[in-house]
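Colleague: Please bring up the model. I would like to go through its packing first and then its surface.

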Amino acid sequence: MGYEWDFAVVFRNYDLLLLGLINTLKVTGLALLFGVPLGLLLALLRLYGNRAVRLPVGFVIEFLRTTPSIAQLFWFFFAMPILIGVEIDPFRASVLTFSLQSSAFFAEVFRGGIQSIDSGQWEAAKAIGMNRNQTLGRIILPQAVKRMIPAFLERAIELMKTTTLVSTISYADLLYQANSIAQSTYRTIEVFTVAAAMYFVVILACSIAVRRLEIRLARSGETIVN
């Protein structure tokens, strides 16, 4: 007996799915907005801080990278309010969790990108009187960022997929809305098929956009060399 597909019930609830997608993008976008600069700061502290700074920063990075995302999410949502006596709603707990965890991953991306630049460029910059901050900002980081773009894209995609965990604390992301619709309509296959397609379209669009950016940066680099 064949399964009778019925997507009409899904499309009648498209507004909830779109709201869920918007909420997913909000958490992802804010986690990137806060996570990237914090990751750069952690990377610089780990690379150039003194020993008293490098060791704790390294521990924080490894702790955030190796502990499960859901454990961190539950800690910030359930445990932190008890400890500090301040209520944290699902949205803030989600942004806080994924901003901090992303910063640890981005710190390693930044560190790898910076270390991939030939040491001779540091020496050349020093020879013309540039200090470390000037060398980083004007010479090292612009080159490193080009090399880091694929890793940034991969992490951003992983971040968006990982944010599906926020449904466990009742934040109305795309997965949470899809589950709610599926429970009320009993059309689980259709609902989650559409939800998966929405994730696919968004992530594919991001991949194409970043790929075009990579090509443009590569061409600009060739122009400068020529």
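Colleague: Which residues does L174 touch, not counting those up to four places away in sequence?
Modeller: L174 touches L17, G20, L21, T24, A195, M198 and Y199, where contact means heavy atoms within 4.5 Å. This is a predicted model, in which local features need pLDDT of at least 70 and side-chain atom pairs count only at pLDDT 80 or more, whereas totals for chains, interfaces and linings use all residues. Residues are numbered from 1 along each chain as its sequence is written, and side-chain values use heavy atoms, with hydrogens and water left out.

Colleague: T24 is on that list. Where does T24 lie?
Modeller: T24 belongs to helix α2; helices here are DSSP runs of H or I with at least four residues, strands are runs of E with at least two, and both are numbered from the N terminus.

Colleague: Is T24 buried or exposed?
Modeller: T24 counts as buried because its relative accessible area is 1%. The classes are buried under 20%, exposed over 50% and partly exposed in between, with a 1.4 Å probe and protein chains only.

Colleague: What does T24 touch, again leaving out residues up to four places away?
Modeller: The contacts of T24 are M160, T163, D173, L174 and Y199.

Colleague: Back to L174. Which members of the largest nonpolar core touch the most other members?
Modeller: They are V10, L17, L21, M160, L174, V191 and M198, within a core of 20 residues. A nonpolar core here is a set of buried Ala, Val, Leu, Ile, Met, Phe, Trp, Tyr and Cys residues joined through side-chain atoms within 4.5 Å.

Colleague: Which helices each supply at least two residues of it?
Modeller: α1 (8-11), α2 (14-48), α7 (132-162), α8 (174-185) and α9 (188-225) do. The largest share, eight residues, comes from α9.

Colleague: What about a second core?
Modeller: A separate core of 19 residues exists, and V57, A107, I117 and M148 are among its members.

Colleague: Let us turn to the whole chain. How many helices and strands are there?
Modeller: The chain has nine helices and zero strands.

Colleague: How does its radius of gyration stand against that of a compact globule?
Modeller: The chain has 22 Å, while a compact globule of 226 residues would have a value near 17 Å. The radius is taken over C-alpha atoms, and the globule rule is 2.2 Å times the number of residues to the power 0.38. Along the principal axes, the C-alpha atoms fill a box of roughly 75 × 50 × 30 Å.

Colleague: What share of the residues counts as buried?
Modeller: It is 37% of the 226 residues. As for contacts between residues at least 6 apart in sequence, 75% of them join residues at least 24 apart.

Colleague: And how much accessible surface does the chain have?
Modeller: It comes to about 13,000 Å², and carbon and sulfur atoms account for 65% of that. The areas come from the Shrake-Rupley method with a 1.4 Å probe, and for residues only the protein chains shown count as cover.

Colleague: Which residues make the nonpolar surface patch?
Modeller: W75, L83, I84 and V86 make a patch of about 420 Å². Patch residues have over 30% relative accessible area and no salt bridge; nonpolar side chains (Val, Leu, Ile, Met, Phe, Trp, Tyr) are joined within 5 Å, and like charges within 9 Å. L83 is placed in helix α4 (residues 69-84), and L83 counts as exposed because its relative accessible area is 63%.

Colleague: Now the charged pairs. How many salt bridges does the structure hold?
Modeller: There are seven, each being a side-chain nitrogen of Lys or Arg within 4 Å of a carboxyl oxygen of Asp or Glu. One of them joins E62 to R46, with the closest N and O atoms 3.4 Å apart. E62 sits in helix α3 (residues 51-66) and R46 in helix α2, 16 residues apart, and the pair links distant parts of the chain.

Colleague: What does E108 pair with?
Modeller: E108 forms a salt bridge with R111, at 2.7 Å between the closest N and O atoms. Both lie in helix α5 (residues 90-115), three residues apart, about one turn of the helix. Through shared partners, salt bridges join R46, E62, R65, E108 and R111 into one network.

Colleague: One last topic: what is phi of Y186?
Modeller: It is near 60 degrees, a positive value in a residue other than glycine. Y186 lies in the loop between α8 and α9 and is exposed, with 70% relative accessibility. S170, in the loop between α7 and α8, also has a positive phi, near 65 degrees.
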